[in-house]
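The sequence and the model are shown first.

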Amino acid sequence: MNHDGRDDIKIENDYDFEDYKDRKKKEEEDGLSLERVFENQEVPSWRNQLTLRAFVVSFVLSILFSFIVMKLNLTSGIIPSLNVSAGLLGFFFTKTWTRFLEGSGLLKQPFTRQENTVIQTCVVASSGIAFSGGFGSYMFGMSEAVAKQSTEHTDAFKNPSLSWMIGFLFVVSFLGLFSVVPLRKIMIVDFKLTYPSGTATAHLINSFHTPAGAKLAKKQVKVLGKFFSFSFLWGIFQWFYTAGDGCGFASFPSLGLKAYENKFFFDFSATYVGVGMICPYIINASVLLGGILSWALMWPLIDTKRGDWYPADLKASSLHGLQGYKVFISIAMILGDGLYNFFKVLSRTLAALFFQLRGRNASSALPIADHSSPESSKISYDEQLRTRLFLKDQIPTWFAVAGYVMIAAISTATLPHIFHDLKWYYILVIYIFAPTLAFCNAYGCGLTDWSLASTYGKLAIFVIGAWAGASHGVLAGLAACGVMMNIVSTASDLSQDFKTGYLTLSSPRSMFVSQLIGTAMGCIISPSIFWLFFKAFKDLGTTGSQYPAPYATVYRNMAILGVEGFSALPKNCLYLCYGFFGAAILINVIKDALGKKWARFIPNPMAMAIPFYIGSYFAIDMCVGSLILFIWEKIDKAKADAFGPAVASGLICGDGIWTLPSSILALAGVKPPICMKFLSRGTNSKVDVFLGS
C-alpha cells in the first residue's frame with residue numbers, strides 16, 4: 001500500500017510483489033534468465049519505441065482513466081492502483097491494432113514490450129494529473145462552493161476556470177521530471193533501489209509478451225469486457241430512477257432508515273465494489289471501522305452536547321458546530337498518520353543513503369548520470385544487459401538542469417498572475433528546496449513504495465499560509481500545496497518509470513519523453529473532464545451531494561487552520577484532535593513494532609479518517625468487494641488471483657465511463673423519468689416510486 005501524494009490515500013501495487021520477488025530469487029538460484037526468453041527479439045531504438053499508435057492508444061486510455069480517477073476523487077478520495085488495467089488494456093488495444101495491420105499486410109513494426117512500457121508510462125502520467133492536479137483537493141478547495149461551507153474566510157476564493165487551470169498545470173507539472181533525471185543512474189543502477197510498484201509493472205508487461213502470458217492476457221481482457229458491459233448497463237439502469245434529490249439506488253436505505261441517516265447503507269456502486277476487490281482487506285476494514293467509530297458512536301454523542309459545546313442554532317455546515325468536529329478530527333488523524341510516515345520514510349532514506357555512501361571507496365566521486373559504473377564480475381546476464389542498455393541512451397545533465405531552471409523561471413513569473421496571493425518569493429523558496437525534497441521522496445519511494453507527496457503539500461499549506469498571513473494565507477497556502485505536490489509526485493513517478501524501463505529494456509529517453517507527453521496530455525484532459533463535472537453537476541462539492549469532494553473541504557480547512565491557528569476550532573475540539581493525532585501515531589508505532597505477521601491486522605489511520613467526514617456508505621460497498629474476493633479465493637485461489645483484478649477493473653471502468661454520457665445528459669437538461677425514494681411517515685416506512693417532472 002502506498003500513502004501517495006497524488007491522493008491522500010492511494011492504493012498501489014495491486015500485483016503481489018512479494019510473490020514476484022520469491023519467484024525471481026528462485027529463478028536466479030536455478031540459473032534462469034528472463035532476458036534470454038527475449039534474446040531473439042531486437043530491442044528497438046528509443047525513437048522506434050515512441051510510435052504514433054502508442055500515443056493514440058495512450059490518449060484514448062488517458063481519457064478513460066482520467067474519468068475514473070476524477071469520479072473517485074470527487075466522491076471518497078480513495079483511488080486504487082490502475083496499473084494492471086492500464087497495462088492490460090494498452091496491450092490489448094495495441095495488439096488488436098497490429099494484428100489487423102498484419103492481416104492486411106500493412107504492419108511495419110511489431111508490437112514490443114518497450115512500446116507497451118511507453119503506453120503504460122504515458123497513461124499513468126496523464127491520469128495521475130487527475131489527482132495531483134488537486135481537482136478533488138487543493139484546487140477545488142479554492143472555489144466559492146467549498147468556501148461557502150465554512151464560516152471563516154468565505155470571501156477568499158477563486159472559482160475554477162478552464163484557462164487558468166490548464167495554465168497552472170503546465171507551469172508546475174514538469175519541474176519534478178527534470179529534478180530527478182540527473183540522479184536516475186544513482187538510484188536505479190548504483191543503489192539498485194527496488195521501486196516495488198515499478199518492478200511489479202515491469203514483470204506484468206514482460207509476462208504479456210511471452211506466449212503463456214499473452215494467452216492469459218487475452219482471457220483477462222474478455223473477463224474485463226464482460227464486467228465493463230455489466231457495470232456500464234447497471235449505471236444506465238440506476239440513472240432512470242434518479243429524477244429528484246435523494247432518489248435512486250444510491251440513496252437506498254438498505255440497512256434501515258435510521259442507519260441511512262447516519263450514512264450506513266449499501267449504495268449499489270459498482271465502482272466501489274471494484275475498488276474493494278483491489279484494495280487490501282485491512283484498508284476496507286479500516287474505512288468501515290472509522291465509519292462505525294465516528295457515525296455510530298462519536299457524532300451522536302457530540303450531538304447531545306448541542307447548546308453546551310456549540311450553539312444549538314448553527315447551520316449544519318458551520319465549522320463551529322458538529323461539522324467542525326468532523327472536519328478537524330479527520331484532519332488530525334490524517335496529519336498524525338502522514339507526519340509519522342514522513343519521518344519514518346525520511347529517516348530510512350537518510351540512513352540508507354548514509355550507508356550507501358559510506359560503503360563506497362572514499363576516494364571515488366559520487367556517480368552522476370553521465371558517468372558509468374564499475375563492472376562487477378558477480379552481475380548476472382540480465383543485469384549486465386539491462387545496465388548496458390539503460391546507460392546507452394543518455395539524457396545530458398546540463399539539459400535537465402537547464403530545463404528545471406527555465407521552467408522554474410517561467411513558473412515564478414507566471415503563478416503570481418494566476419494567484420495574486422502567491423508572491424513570487426514564496427514560489428522561489430519552494431523551487432530552491434524542491435529538488436532536495438523531490439530526491440528524498442523518489443529515494444524513499446524506491447525503498448518503501450511510499451510516496452509522501454501529499455504530506456509535503458500539507459506542510460507547504462501551513463508554512464506558506466502562515467507566512468502570507470490572515471488576509472492572503474488561505475489561497476496562497478492552497479496554491480503552494482499544488483506547486484509542491486506536483487513537483488515531488490512527478491519525481492517519484494518518473495523514478496518508478498525508469499525502474500520499469502530498466503527491467504523491460506526500454507530506453508530512459510523514451511521513458512522521459514513518454515512521461516513528458518503523458519503529463520502534457522493530462523494537463524489538458526484532466527481540467528477538461530473536471531470542467532465537465534463542474535458544469536454538469538451544480539451541487540459539486542456540497543456535503544451530501546453525489547460528488548461531495550471531501551478532500552476539498554479538508555484541504556481548505558487545513559489552510560484556515562494554518563492561518564487562524566487553534567481559534568478556528570469549536571469547544572473541546574482541540575483536545576479531541578490531540579487525542580486522535582496521538583492515536584494515529586500510536587497505531588503506526590504498534591503496527592511497525594509487531595512485524596509483518598501481525599501488522600496486517602492493525603487498521604490504517606488515514607483510511608479510518610476518511611469516513612469521519614463523509615460517512616461509511618462507500619466502505620460498505622468496498623467490504624462487499626472484499627467479501628466477493630475472499631469467497632472466490634476460498635473456492636479457487638488461482639482463478640481469483642488471475643482474474644480478480646480484471647473483474648475489479650471492469651466494474652470500475654464501466655461505471656466510471658458512464659459518467660461521460662450522464663454528464664452530457666445533465667448539461668443538455670435531460671432528466672431521468674422516474675424517482676424511487678424511501679420515505680418515513682410516522683412509525684411506518686414505505687418506498688415511493690413516482691414519475692419525475
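Which residues of α20 are buried? In this predicted model, the buried residues of α20 are Ala453, Ser454, Thr455, Tyr456, Gly457, Lys458, Ala460, Ile461, Ile464, Gly465 and Ala468.

## Helix α20 and its end

Helix α20 covers residues 453-468, and at 1.5 Å a residue its 16 residues should span 22 Å.

In one of them, lysine 71 is paired with aspartate 655, the closest N and O atoms being 2.9 Å apart. Lysine 71 lies in helix α3 (residues 52-75) and aspartate 655 in helix α28 (residues 637-667), so this pair ties together parts that are 584 residues apart in sequence. Lysine 71 is buried, with a relative accessible area of 12%, and aspartate 655 also counts as buried, at 6% relative accessibility; both values fall under the 20% cut-off for buried residues.

A salt bridge is also formed by the side chains of lysine 571 and aspartate 308, at 3.7 Å from N to O. Here the partners are found in loops: lysine 571 is in the loop between α23 (550-564) and α24 (573-594), while aspartate 308 is in the loop between α15 (281-303) and α16 (322-358), so the pair ties together parts that are 263 residues apart in sequence. Lysine 571 counts as partly exposed at 45% relative accessibility, and aspartate 308 is partly exposed as well, with a relative accessible area of 47%.

## Further charged pairs

Lysine 148 and glutamate 144 meet through their side chains in a salt bridge of 3.7 Å, N to O. Within this pair, lysine 148 is exposed, with a relative accessible area of 55%, whereas glutamate 144 counts as partly exposed at 27% relative accessibility.

## Surface patches

Which helix gives the most to the positive patch? The positive surface patch is formed by Arg99, Lys215, Lys218, Lys219, Lys222, Lys226 and Lys639, and helix α12 (residues 211-239) gives the most to this patch, with five residues. Lysine 226 is found in helix α12 and is exposed, its relative accessible area being 61%.

A nonpolar surface patch of about 720 Å² is made by Trp424, Tyr425, Leu428, Val429, Ile432, Phe433 and Trp467. The helix that gives the most to the nonpolar patch is α19 (residues 424-448), with six residues. Tyrosine 425 lies in α19 and is partly exposed, with a relative accessible area of 35%.

## A pair of valines

How far apart in space are valine 171 and valine 483, C-alpha to C-alpha? The distance between them is 9.1 Å, although valine 171 and valine 483 are 312 residues apart in sequence. Valine 171 lies in helix α8 (residues 162-172) and is buried, with a relative accessible area of 12%.

Definitions and conventions:
Residues numbered from 1 in each chain as written. Predicted model: local features only at pLDDT ≥ 70, side-chain atom pairs only at ≥ 80, totals over all residues. Heavy atoms only, no water. Helix = DSSP H or I, 4+ residues; strand = E, 2+ residues; numbered from the N terminus. Expected span 1.5 Å × (residues − 1). Buried < 20%, exposed > 50% of the residue type's maximum accessible area, 1.4 Å probe, protein only. Patch = residues over 30% accessible without salt bridge, like charges linked within 9 Å, V, L, I, M, F, W, Y side chains within 5 Å. Areas by Shrake-Rupley, 256 points an atom, 1.4 Å probe, with all protein chains shown as cover. Salt bridge = Lys/Arg side-chain N within 4 Å of Asp/Glu carboxyl O. Lys, Arg positive; Asp, Glu negative; His and termini not counted. Charge placed at Lys NZ, Arg CZ, Asp CG, Glu CD.
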